[in-house]
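Work through the exercises below with the model in view. Try each task before you read its solution.

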Amino acid sequence: MTKTSKTIVFFGTDDFSLSTLQKLIEAGYNIAAVVTKPDSKSGRGQMLQMSSVKKLAVKHNIPVWQPDKVADINDKIAKLGNEVMGILVSYGKIIPITTINLFNPGIINVHPSLLPQYRGPSPIESSIKNGDPQTGVSIMKLTAGMDSGPIYAQIIHKLSGNETRPDLYRTLSGAGAILLTTILPLIIDGSISPTPQDEDKSSYCKLLLKSDALIDPMTISAKQFEQTVRAYIGFPKTKIIIGKSELIITKAHISTGRTSPLDVLCKDKKSLTIDELVAPSGKTISNKDYINGYL
Amino acid sequence: MKKENIITLPNPRLRQRSSRVRVVTPEVKNIIKDLTTVALDWEDSRPHEISAAISAVQINHLDRIIIVRSDFDDKAVRDFTALINPEIIKLEGEITEDFEGCLSVPDVYGKVPRYNKARVKAMDVDGNEVRFKADGFLARIIQHEVDHTNGIVFIDRIRDKKDAFYKLDEKGELQPLDYDKDIKNNSILWD
């Protein structure tokens, strides 16, 4: 008897998924298609921009599918034959159950948190913002609920308290790619089965919006403020209003006494000293340069 | 032995019953060796398919001998287990449909209903009796091969099912076949 060979359909859009796709290609998996969000307008002149995932797929001659509605590719998936496995890493769209059901043994998802903690779209930001001692990556099986599927494996990553959002994205993306490619053969041959999440311990994190950037220092402690600055670098950013200007803070530390005109008094009466910021001119400058130039 | 030694439809032998093997002779061991070489030679010529199993009738020996791939998900694992006089003691579980193809029916795939659990009895290459339970795709493979030893080809199981026939195209995608045009009165398949 013959069967069609095991193929993978990879779902991913943002840079976090890039290292996993790269590892799968290197490991020689037969990737039938890469599903990514439609090209978005960005940059000057609002040019259509390919995601970096799409660029990698095109480079390796892997077909790219960019459905507006995910269910539109159900027919194409069904044609791939016997055993098609899905792998999803930060794709950015909800997968309907009709699509999930086409895969065997399902769609495997890489989620950058120690599930059931931080289900939802901002687990990396949440772990830094909340000053957690550790976070990690979970490999789970996608179900209809948000990030609530059973877990195949997890890896813990200790947090130093100094990492920023881009740092942790890079670290966890690499760790997730290695963990997934290590256990994938075991998932395929059925020698490991996933363990259900403990619903009682579950927590959710929210989708971050541009409007989350603006912080009123009198509502949070200096420590929380400093953590937020590191958690929100790049997006949604951390903004405060000083005088009439809106400043974006890119680096700060907690200080005991008032040491500079750019110290912000917080709810717990401690101050946050801004070390680096984006000035109204749009340039990232140091505390000293800002004081010399603007105050 | 090469993939060209595989007999394909409409060869009438594929619809004949094979005979039981009494003793594991050197000739039986040779057939097992040939089956393995042929299955791998065929697979090496097919970019999107895996040789999951083959039976002796497919290389023109009407003996009840089959070989099954040790890991039919991984092309890198190139060894097979031989089963002599394989018998299905009991079919269990539920009936599921999945795609299967056959080295003797090139390019045609079918969605075939099969039980997902089977209890199997056979003899190994050393002449010892083996009994085991097969699950999932392995249960499907064994049913397909035991059918061969009884002169049944997988398409016989879906003969009247209009939407069960597919063709594997050069990109490795399964395209539905036109039942009335390609299947119904196709003399290669049924005569």
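**Exercise 1. Find the partners of strand β4 in chain B, and say how each pair runs.**

Solution. Start with β4(B), residues 80-102, and β5(B), residues 105-123. Here 13 bridges join the two strands, which run antiparallel. Strands are DSSP runs of E with at least two residues, helices are runs of H or I with at least four, and both are numbered from the N terminus. Two strands pair if DSSP finds at least two bridges between them. Next, look at the turn: β4(B) and β5(B) form a hairpin with 2 residues between them. Now take β3(B), residues 65-69, which pairs with β4(B) in the antiparallel sense over 5 bridges. Arg69(B) stands opposite Phe80(B) there.

This is a predicted model, in which local features need pLDDT of at least 70, side-chain atom pairs count only at pLDDT 80 or more, and totals for chains, interfaces and linings use all residues. Residues are numbered from 1 along each chain as its sequence is written, while chains are lettered from A and ligands numbered from 1 in the order in which they are written.

**Exercise 2. How confident is the prediction for chain B, and which of its elements score lowest and highest?**

Solution. Chain B averages 94, and 100% of its residues score at least 70. Among its elements, β8(B), residues 174-176, has the lowest mean at 87. The highest mean, 98, belongs to β2(B), residues 53-55. For the model, the scores are ipTM 0.88 and pTM 0.72.

**Exercise 3. Describe where chain A meets chain B.**

Solution. First, the totals: 13 residues of chain A are in contact with 24 residues of chain B. Contact requires C-beta atoms, placed from the backbone, within 7 Å. Then find the main contributor on chain A. Strand β1(A), residues 2-4, gives the most to that side, with 3 residues. By class, the chain A side has 3 nonpolar, 5 polar and 5 charged residues. (Ala, Val, Leu, Ile, Met, Phe, Trp, Tyr, Cys and Pro count as nonpolar, Asp, Glu, Lys and Arg as charged, and the others, Gly among them, as polar.) Finally, cross the chains: 3 bridges join β1(A) to β1(B), residues 49-51, and the two run antiparallel. Thr4(A) has Glu49(B) as its bridge partner.

**Exercise 4. Trace the open sheet of 7 strands in chain A and find its edges.**

Solution. Read the order: β6-β3-β2-β7-β8-β9-β10, with mixed pairing. At the edges stand β6(A), residues 64-65, and β10(A), residues 151-158. Each has a single partner strand, so one side of each is left without a neighbour in the sheet. Within the sheet, β2(A), residues 7-12, and β3(A), residues 31-35, pair in the parallel sense over 4 bridges. Phe10(A) has Val34(A) as its bridge partner. Helix α1(A) packs on this sheet, touching β2, β3, β7 and β8 of chain A. The direction of α1(A) makes about 165 degrees with that of β2(A).

**Exercise 5. At what angles does α1(A) pack with α2(A) and α6(A)?**

Solution. Take α2(A), residues 52-59, first: α1(A), residues 18-26, packs with it at about 15 degrees, with the axes 10 Å apart. Axes are lines fitted to C-alpha atoms, for helices over the stretch in contact, and angles run from 0 to 180 degrees between N-to-C directions. Leu18(A), Leu21(A) and Gln22(A) of α1(A) make the contact with Ser52(A), Val53(A) and Leu56(A) of α2(A). These residues divide into 4 nonpolar, 2 polar and no charged.

Now take α6(A), residues 165-188: its axis and that of α1(A) come within 8 Å and cross at roughly 35 degrees. This contact has 3 nonpolar, 6 polar and 1 charged residues.

**Exercise 6. Which residues does a cis peptide bond join in each chain?**

Solution. In chain A, the bond joins Phe235(A) and Pro236(A), with omega about -5 degrees. Pro236(A) lies in the loop between α7 and β11 of chain A. In chain B, the bond joins Leu9(B) and Pro10(B), with omega about 10 degrees. Pro10(B) is in the segment before α1 of chain B.

Technical notes: Contact = placed C-beta atoms within 7 Å. pLDDT = per-residue confidence, 0-100.
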